[in-house]
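Subject: Structure handover

Hi,

Here is the structure I promised to pass on. Please open it alongside this note, and my findings follow below.

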Amino acid sequence: MKFLFRADDLGLSRGTNYGIADAAENGIVRNIGLMMNMPDIAQGYKLVKDMDLCLGVHVNISVGRPLAGNVPTLVNENGDFYSSSIYRSRSEDLVEIRDVFREASAQVAAFGELTGKKPAYLDVHAVSSANFFEGVKILGELLGIPVSLLGKGNETMQVAHSNVRLMINHSPLEDPYGTFDALRAQSDADVVNMLVFHPGYIDQRLLEVSSLTMQRSIDAWLLCSKEFKDLLREAGIENVTYRDL
């Protein structure tokens, strides 16, 4: 059984960076998504750059400000990205694919400047928009790298050459393995199970920019715990990266 464990939001805050680095160095994370327009991205990359990891761009259009110019359907009157709550409140998809492509391209370019490499994959942050997805897919195809989007329910999606089922971990401390157990119960030999975490340690900036707080600490603890590592080993789980898809 193959599982891909991914940590999102490197760069969001220093506390988030330390939690992700801990989950990679002392835990099971091998795939990390970088938020290239965040002020703490350089510090976050410095923490993980020497580890054997698969690094991608966690394409973001809902936190902070864009790296590209002329993306009017993504920003408010102050030039900030519309928040994820604004996107969810809309009855129609007002995002334009060309704006997504410009911004995603700028974030990929920033990744190259920071790391000296091409990202191993692209994925999307927080917003469920068909046009957002399409713009990122187009860029991934041009770059020849895997793209993973947000799934619905237990549906599978094609990522590179593999069928993938994606779930985001929301398991509380009372049931830390809940999402993992649910995904494992649905799995079969032909599907790679992608389980997305948001490890991090709470700091002031995180409280200012994200509603996801306590779950990050739970994720950081879980990913480093001996109990979870033992469970994966006993279940014969193969821990894969985007390069294996």
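What percentage of the 245 residues in the protein is buried? The answer is 53%. Keep in mind that this is a predicted model.

Overall build first. The protein has nine helices and nine strands. Along the principal axes, the C-alpha atoms fill a box of roughly 50 × 40 × 40 Å. Now the contacts with a separation of 6 or more. Of these, 69% join residues 24 or more positions apart.

Next, helix α1, which covers residues 14–25. I looked at two of its partners.

Partner one is helix α2, residues 41–48. The axes of α1 and α2 lie 9 Å apart, and the packing angle is about 15°. An angle under 35 degrees counts as roughly parallel, and α1 and α2 are therefore roughly parallel to each other. Their crossing is right-handed. On the α1 side, the contact uses R14, N17, Y18 and A21. On the α2 side, it uses Q43, G44, L47 and V48. By type, the residues of this contact are four nonpolar, three polar and one charged.

Partner two is helix α8, residues 214–224. Here the axes of α1 and α8 come within 9 Å and cross at roughly 20°. That makes α1 roughly parallel to α8 as well. The crossing of α1 with α8 is left-handed. From α1, the residues in contact are T16, G19, D22 and A23. They meet R216, A220, L223 and C224 of α8. This contact divides into four nonpolar, two polar and two charged residues.

Back to α2 for its buried side. Which residues of α2 are buried? They are I41, Q43, G44, Y45 and V48. Of these, Q43, G44 and V48 also belong to the contact with α1. What do the buried residues of α2 pack against? Two helices are on the list: α1 and α4 (97–115). So are three strands: β1 (2–10), β2 (31–34) and β3 (54–59).

In short, α1 runs roughly parallel to α2 and roughly parallel to α8. The α2 crossing is right-handed, whereas the α8 crossing is left-handed.

Best wishes

Notes. Residues are numbered from 1 along each chain as its sequence is written. This is a predicted model: local features need pLDDT of at least 70, side-chain atom pairs count only at pLDDT 80 or more; totals for chains, interfaces and linings use all residues. Side-chain values use heavy atoms; hydrogens and water are left out. Axes are lines fitted to C-alpha atoms, for helices over the stretch in contact, and angles run from 0 to 180 degrees between N-to-C directions. Helices (H or I, at least four residues) and strands (E, at least two) are DSSP runs, numbered from the N terminus. Angles under 35 degrees count as roughly parallel, over 145 as roughly antiparallel, 65 to 115 as roughly perpendicular and the rest as oblique. A crossing is left-handed if the near helix is turned anticlockwise from the far one by less than a right angle, and right-handed if clockwise. Contact means heavy atoms within 4.5 Å. Ala, Val, Leu, Ile, Met, Phe, Trp, Tyr, Cys and Pro count as nonpolar, Asp, Glu, Lys and Arg as charged, and the others, Gly among them, as polar. Buried means under 20% relative accessible area, exposed over 50%, partly exposed in between (1.4 Å probe, protein chains only).
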